[in-house]
Amino acid sequence: MSKRLKIGGLALLAVLLILQFFQPEQNNAPVDPELDMLAVLAPPEHISALIRNACYDCHSNQTIYPWYEKVSPVSWYLHKHIQDGKEDLNFSDYGKMDKVDRIGALVDFCDVLDAGTMPLQSFLLLHKNARLSQEEKETLCNWTEDEALKVMRE
Amino acid sequence: MKKQIVSIVMAGILFLFLQSFISEHSEEQAFPDDIGMILESACFDCHATGAKSEKALKAVNFSDWEEYRLTKKIGLLGDVCKMVEEGKMPPEKYLEHKPDRKMSEVQTKLLCEWTKKEAEKLMQGE
(Lines give C-alpha, C1' and ligand atoms only; values in the text may rest on other atoms or scores of the structure.)
Protein backbone atom coordinates (compact mmCIF):
# COMPACT_ATOMS: atom_id res chain seq x y z
CA MET A 1 0.00 0.00 0.00
CA SER A 2 2.66 2.48 0.99
CA LYS A 3 4.64 1.50 -2.06
CA ARG A 4 1.62 2.22 -4.23
CA LEU A 5 1.20 5.58 -2.54
CA LYS A 6 4.82 6.40 -3.22
CA ILE A 7 4.52 5.48 -6.87
CA GLY A 8 1.31 7.46 -7.14
CA GLY A 9 2.93 10.48 -5.53
CA LEU A 10 5.93 10.30 -7.81
CA ALA A 11 3.71 9.96 -10.84
CA LEU A 12 1.72 13.01 -9.81
CA LEU A 13 4.91 14.96 -9.27
CA ALA A 14 6.16 13.89 -12.67
CA VAL A 15 2.94 15.00 -14.30
CA LEU A 16 3.12 18.37 -12.55
CA LEU A 17 6.71 18.79 -13.68
CA ILE A 18 5.88 17.92 -17.25
CA LEU A 19 2.95 20.33 -17.11
CA GLN A 20 5.41 23.15 -16.46
CA PHE A 21 6.69 22.81 -20.00
CA PHE A 22 3.25 23.73 -21.26
CA GLN A 23 2.59 27.35 -20.48
CA PRO A 24 0.08 29.78 -21.91
CA GLU A 25 1.38 32.90 -23.53
CA GLN A 26 1.89 35.63 -20.97
CA ASN A 27 -0.23 38.73 -21.12
CA ASN A 28 2.40 41.45 -21.19
CA ALA A 29 2.44 43.49 -24.35
CA PRO A 30 4.08 46.93 -24.23
CA VAL A 31 1.82 49.83 -23.24
CA ASP A 32 0.48 51.79 -26.19
CA PRO A 33 0.30 55.40 -24.95
CA GLU A 34 -2.23 56.27 -27.65
CA LEU A 35 -4.68 53.57 -26.58
CA ASP A 36 -4.15 52.69 -22.94
CA MET A 37 -6.80 54.26 -20.70
CA LEU A 38 -4.45 55.35 -17.93
CA ALA A 39 -2.06 56.80 -20.50
CA VAL A 40 -4.82 58.61 -22.40
CA LEU A 41 -6.74 59.99 -19.42
CA ALA A 42 -3.72 60.40 -17.15
CA PRO A 43 -5.55 60.40 -13.81
CA PRO A 44 -3.76 61.47 -10.62
CA GLU A 45 -1.21 58.88 -9.52
CA HIS A 46 -3.24 57.50 -6.58
CA ILE A 47 -6.14 56.77 -8.93
CA SER A 48 -3.85 55.19 -11.51
CA ALA A 49 -2.39 52.95 -8.82
CA LEU A 50 -5.83 51.82 -7.62
CA ILE A 51 -6.93 50.94 -11.13
CA ARG A 52 -3.69 49.22 -11.99
CA ASN A 53 -3.81 47.09 -8.84
CA ALA A 54 -7.49 46.28 -8.89
CA CYS A 55 -8.29 45.94 -12.60
CA TYR A 56 -5.31 45.82 -14.91
CA ASP A 57 -4.29 42.20 -14.28
CA CYS A 58 -7.37 40.97 -16.14
CA HIS A 59 -8.56 44.01 -18.07
CA SER A 60 -5.44 45.15 -19.88
CA ASN A 61 -2.57 43.73 -21.90
CA GLN A 62 -0.26 44.07 -18.89
CA THR A 63 -0.73 41.40 -16.24
CA ILE A 64 1.64 41.37 -13.31
CA TYR A 65 2.28 37.71 -12.45
CA PRO A 66 3.29 36.62 -8.97
CA TRP A 67 5.41 33.40 -9.14
CA TYR A 68 2.51 31.07 -8.28
CA GLU A 69 0.59 32.36 -11.26
CA LYS A 70 3.35 31.14 -13.54
CA VAL A 71 2.90 27.57 -12.32
CA SER A 72 0.86 25.24 -14.46
CA PRO A 73 -2.09 24.47 -14.16
CA VAL A 74 -2.75 27.73 -12.23
CA SER A 75 -1.32 29.65 -15.16
CA TRP A 76 -3.91 28.10 -17.48
CA TYR A 77 -6.76 28.89 -15.14
CA LEU A 78 -5.54 32.46 -14.98
CA HIS A 79 -5.05 32.63 -18.72
CA LYS A 80 -8.72 31.84 -19.23
CA HIS A 81 -9.73 34.54 -16.74
CA ILE A 82 -7.61 37.12 -18.48
CA GLN A 83 -9.03 36.20 -21.88
CA ASP A 84 -12.58 36.56 -20.54
CA GLY A 85 -11.75 39.76 -18.72
CA LYS A 86 -10.21 41.38 -21.75
CA GLU A 87 -13.11 40.34 -23.90
CA ASP A 88 -15.49 42.19 -21.61
CA LEU A 89 -13.30 45.22 -21.26
CA ASN A 90 -9.71 45.87 -22.20
CA PHE A 91 -8.37 49.14 -20.85
CA SER A 92 -5.42 48.81 -23.23
CA ASP A 93 -7.86 49.35 -26.12
CA TYR A 94 -9.62 52.32 -24.59
CA GLY A 95 -8.42 54.63 -27.35
CA LYS A 96 -10.02 52.40 -29.99
CA MET A 97 -13.51 52.78 -28.55
CA ASP A 98 -15.98 55.30 -29.89
CA LYS A 99 -17.40 57.97 -27.60
CA VAL A 100 -20.49 56.00 -26.59
CA ASP A 101 -18.42 52.93 -25.71
CA ARG A 102 -15.95 54.98 -23.71
CA ILE A 103 -18.78 56.54 -21.72
CA GLY A 104 -20.34 53.10 -21.30
CA ALA A 105 -17.07 51.61 -20.09
CA LEU A 106 -16.56 54.39 -17.54
CA VAL A 107 -20.13 54.10 -16.28
CA ASP A 108 -19.93 50.31 -16.04
CA PHE A 109 -16.62 50.61 -14.27
CA CYS A 110 -18.30 52.47 -11.40
CA ASP A 111 -21.37 50.22 -11.48
CA VAL A 112 -19.42 46.98 -10.95
CA LEU A 113 -17.52 48.55 -8.06
CA ASP A 114 -20.80 49.70 -6.54
CA ALA A 115 -22.40 46.32 -6.99
CA GLY A 116 -19.29 44.64 -5.58
CA THR A 117 -19.07 42.27 -8.54
CA MET A 118 -15.55 43.49 -9.32
CA PRO A 119 -12.77 42.86 -8.49
CA LEU A 120 -13.63 39.14 -8.34
CA GLN A 121 -13.58 37.56 -4.91
CA SER A 122 -11.18 34.87 -6.13
CA PHE A 123 -8.79 37.58 -7.27
CA LEU A 124 -9.04 39.47 -3.98
CA LEU A 125 -8.11 36.36 -2.00
CA LEU A 126 -4.54 36.54 -3.21
CA HIS A 127 -4.27 40.18 -4.24
CA LYS A 128 -4.66 42.20 -1.09
CA ASN A 129 -3.69 45.46 -2.74
CA ALA A 130 -6.64 45.07 -5.10
CA ARG A 131 -9.13 45.42 -2.26
CA LEU A 132 -10.89 48.75 -2.48
CA SER A 133 -12.28 50.56 0.51
CA GLN A 134 -15.63 52.32 0.30
CA GLU A 135 -13.78 55.59 0.11
CA GLU A 136 -11.56 54.39 -2.71
CA LYS A 137 -14.59 53.17 -4.63
CA GLU A 138 -16.16 56.59 -4.26
CA THR A 139 -12.97 58.26 -5.43
CA LEU A 140 -12.94 56.04 -8.49
CA CYS A 141 -16.64 56.60 -9.19
CA ASN A 142 -16.26 60.37 -8.98
CA TRP A 143 -13.37 60.17 -11.36
CA THR A 144 -15.12 57.90 -13.89
CA GLU A 145 -18.20 60.13 -13.89
CA ASP A 146 -16.10 63.25 -14.45
CA GLU A 147 -14.27 61.56 -17.29
CA ALA A 148 -17.51 60.29 -18.83
CA LEU A 149 -18.90 63.82 -18.81
CA LYS A 150 -15.68 65.06 -20.41
CA VAL A 151 -15.98 62.46 -23.17
CA MET A 152 -19.57 63.57 -23.68
CA ARG A 153 -18.51 67.15 -24.28
CA GLU A 154 -15.59 66.31 -26.55
CA MET B 1 -80.13 81.87 -22.01
CA LYS B 2 -80.11 78.55 -23.81
CA LYS B 3 -77.62 79.90 -26.29
CA GLN B 4 -75.37 81.03 -23.48
CA ILE B 5 -75.39 77.57 -21.89
CA VAL B 6 -74.60 75.99 -25.22
CA SER B 7 -71.68 78.31 -25.80
CA ILE B 8 -70.35 77.77 -22.28
CA VAL B 9 -70.57 74.02 -22.77
CA MET B 10 -68.90 74.36 -26.16
CA ALA B 11 -66.14 76.48 -24.66
CA GLY B 12 -65.72 73.88 -21.94
CA ILE B 13 -65.42 71.07 -24.44
CA LEU B 14 -62.96 73.07 -26.50
CA PHE B 15 -60.93 73.79 -23.35
CA LEU B 16 -60.80 70.12 -22.39
CA PHE B 17 -59.93 69.16 -25.92
CA LEU B 18 -57.03 71.61 -26.02
CA GLN B 19 -55.92 70.53 -22.56
CA SER B 20 -55.63 66.91 -23.56
CA PHE B 21 -53.78 67.95 -26.67
CA ILE B 22 -51.29 70.02 -24.71
CA SER B 23 -50.66 67.42 -22.01
CA GLU B 24 -50.19 64.72 -24.60
CA HIS B 25 -47.43 66.70 -26.19
CA SER B 26 -45.75 68.23 -23.19
CA GLU B 27 -45.39 64.89 -21.45
CA GLU B 28 -42.13 63.59 -22.94
CA GLN B 29 -42.39 60.02 -23.97
CA ALA B 30 -39.28 58.05 -23.06
CA PHE B 31 -39.31 56.20 -26.37
CA PRO B 32 -40.83 56.98 -29.76
CA ASP B 33 -43.79 54.73 -30.61
CA ASP B 34 -42.02 52.35 -32.98
CA ILE B 35 -39.05 51.92 -30.63
CA GLY B 36 -41.32 51.53 -27.63
CA MET B 37 -43.11 48.73 -29.44
CA ILE B 38 -39.90 46.88 -30.23
CA LEU B 39 -38.66 47.23 -26.66
CA GLU B 40 -41.98 46.14 -25.26
CA SER B 41 -42.07 43.01 -27.33
CA ALA B 42 -38.42 41.98 -27.07
CA CYS B 43 -37.21 43.40 -23.75
CA PHE B 44 -39.90 44.40 -21.26
CA ASP B 45 -40.68 40.89 -20.02
CA CYS B 46 -37.37 40.98 -18.14
CA HIS B 47 -36.29 44.62 -18.26
CA ALA B 48 -39.34 46.52 -17.02
CA THR B 49 -40.86 46.96 -13.59
CA GLY B 50 -42.75 43.85 -12.59
CA ALA B 51 -40.18 41.47 -14.06
CA LYS B 52 -38.86 38.76 -11.78
CA SER B 53 -35.16 38.75 -12.44
CA GLU B 54 -33.32 41.17 -10.17
CA LYS B 55 -30.25 40.74 -12.27
CA ALA B 56 -32.01 41.73 -15.48
CA LEU B 57 -33.61 44.75 -13.83
CA LYS B 58 -30.32 45.83 -12.41
CA ALA B 59 -28.75 45.68 -15.85
CA VAL B 60 -31.48 47.92 -17.21
CA ASN B 61 -35.04 48.74 -16.23
CA PHE B 62 -36.71 50.53 -19.11
CA SER B 63 -39.58 51.63 -16.85
CA ASP B 64 -37.12 53.83 -14.99
CA TRP B 65 -35.44 55.13 -18.10
CA GLU B 66 -36.01 58.78 -17.32
CA GLU B 67 -34.43 58.38 -13.91
CA TYR B 68 -31.06 57.27 -15.22
CA ARG B 69 -28.41 59.95 -15.28
CA LEU B 70 -27.16 61.20 -18.61
CA THR B 71 -23.93 59.22 -18.81
CA LYS B 72 -25.69 56.02 -17.74
CA LYS B 73 -28.31 56.50 -20.45
CA ILE B 74 -25.64 56.93 -23.10
CA GLY B 75 -23.81 53.82 -21.93
CA LEU B 76 -27.03 51.81 -21.91
CA LEU B 77 -27.94 52.99 -25.40
CA GLY B 78 -24.61 51.66 -26.63
CA ASP B 79 -25.17 48.37 -24.81
CA VAL B 80 -28.71 47.91 -26.12
CA CYS B 81 -27.62 48.13 -29.73
CA LYS B 82 -24.58 45.91 -29.17
CA MET B 83 -26.58 43.23 -27.37
CA VAL B 84 -29.22 42.90 -30.06
CA GLU B 85 -26.75 43.18 -32.92
CA GLU B 86 -24.59 40.42 -31.46
CA GLY B 87 -27.71 38.36 -30.84
CA LYS B 88 -27.04 38.16 -27.11
CA MET B 89 -30.42 39.70 -26.39
CA PRO B 90 -33.15 38.59 -26.25
CA PRO B 91 -31.42 35.48 -24.87
CA GLU B 92 -31.79 32.11 -26.59
CA LYS B 93 -33.46 30.59 -23.56
CA TYR B 94 -36.17 33.22 -23.56
CA LEU B 95 -36.72 32.79 -27.28
CA GLU B 96 -37.20 29.07 -26.81
CA HIS B 97 -40.29 29.88 -24.77
CA LYS B 98 -41.35 32.86 -26.81
CA PRO B 99 -40.07 32.46 -30.36
CA ASP B 100 -42.32 35.28 -31.56
CA ARG B 101 -40.15 37.74 -29.59
CA LYS B 102 -37.16 37.19 -31.80
CA MET B 103 -36.17 40.51 -33.32
CA SER B 104 -36.21 40.81 -37.09
CA GLU B 105 -33.31 42.37 -38.94
CA VAL B 106 -35.48 45.38 -39.66
CA GLN B 107 -36.30 45.80 -35.98
CA THR B 108 -32.65 45.45 -35.01
CA LYS B 109 -31.67 48.06 -37.54
CA LEU B 110 -34.42 50.43 -36.44
CA LEU B 111 -33.46 50.04 -32.79
CA CYS B 112 -29.76 50.62 -33.44
CA GLU B 113 -30.41 53.64 -35.62
CA TRP B 114 -32.45 55.06 -32.79
CA THR B 115 -29.94 54.28 -30.01
CA LYS B 116 -27.18 55.93 -32.03
CA LYS B 117 -29.27 58.99 -32.80
CA GLU B 118 -30.47 59.24 -29.22
CA ALA B 119 -26.96 58.87 -27.77
CA GLU B 120 -25.73 61.56 -30.13
CA LYS B 121 -28.60 63.81 -29.07
CA LEU B 122 -27.86 63.28 -25.39
CA MET B 123 -24.18 64.00 -25.94
CA GLN B 124 -25.07 67.26 -27.66
CA GLY B 125 -26.94 68.12 -24.49
CA GLU B 126 -30.36 68.39 -26.11
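## Helix pair in chain B

A crossing is left-handed if the near helix is turned anticlockwise from the far one by less than a right angle, and right-handed if clockwise. In this predicted model, the crossing of helix 5 of chain B and helix 7 of chain B is left-handed. Helices here are DSSP runs (H or I, at least four residues), numbered from the N terminus. Helix 5 of chain B and helix 7 of chain B pack with their axes 9 Å apart, at an angle of about 160 degrees; axes are lines fitted to C-alpha atoms over the stretch in contact, and angles run from 0 to 180 degrees between N-to-C directions. Helix 5 of chain B is therefore roughly antiparallel to helix 7 of chain B, a term for angles over 145 degrees.

On the helix 5 side of chain B, the residues that meet helix 7 include Leu70(B), Ile74(B), Leu77(B), Cys81(B) and Val84(B). Among their counterparts in helix 7 of chain B are Leu111(B), Cys112(B), Ala119(B) and Leu122(B). Two residues are in contact if their C-beta atoms, placed from the backbone, lie within 7 Å. By class, the contact of these two helices has 11 nonpolar, 3 polar and 4 charged residues. Ala, Val, Leu, Ile, Met, Phe, Trp, Tyr, Cys and Pro count as nonpolar, Asp, Glu, Lys and Arg as charged, and the others, Gly among them, as polar.

## Basis of the model

Residues are numbered from 1 along each chain as its sequence is written, and chains are lettered from A in the order in which they are written. Local features need pLDDT of at least 70 and side-chain atom pairs count only at pLDDT 80 or more, while totals for chains, interfaces and linings use all residues.

## Interface of chains A and B

In the contact between the chains, 11 residues of chain A meet 9 residues of chain B. On the side of chain A, helix 6 and helix 8 (134–153) are the elements that give two or more residues. Helix 6 of chain A provides the largest share, 7 residues. The chain A side divides into 6 nonpolar, 1 polar and 4 charged residues.

Glu145(A) lies in helix 8 of chain A. Apart from neighbours within four places in sequence, Glu145(A) is in contact with Cys110(A) and Thr71(B). Glu145(A) counts as partly exposed because it has 18 C-beta neighbours inside 10 Å; buried residues have 20 or more and exposed ones 12 or fewer, with partly exposed in between.

## Nonpolar core

A nonpolar core is a set of buried Ala, Val, Leu, Ile, Met, Phe, Trp, Tyr and Cys residues joined through C-beta atoms within 7 Å. The largest one has 41 residues, of which Ile103(A) and Leu77(B) touch the most other members. Elements of both chains give two or more residues to this core, including helix 3 of chain A and helix 2 (33–42) of chain B. Helix 6 of chain A gives the most, with 8 residues.

Not counting residues up to four places away in sequence, Ile103(A) touches Ala148(A), Val151(A) and Met152(A), as well as Thr71(B), Ile74(B) and Gly75(B).

## Backbone exceptions

Most residues other than glycine have a negative phi, and most peptide bonds are trans. The bond from Met118(A) to Pro119(A) is cis, with omega near -10 degrees. Pro119(A) lies in the loop between helix 6 (99–115) and helix 7 (121–126) of chain A. In chain B, the bond from Met89(B) to Pro90(B) is cis, with omega near -10 degrees, and Pro90(B) is in the loop between helix 5 (70–85) and helix 6 (92–97).

Ala42(A) has a positive phi, near 40 degrees. Ala42(A) is placed in the loop between helix 2 (37–41) and helix 3 (45–54) of chain A, and counts as exposed because it has 11 C-beta neighbours inside 10 Å.

Technical notes
Parallel < 35°, antiparallel > 145°, perpendicular 65-115°, else oblique.
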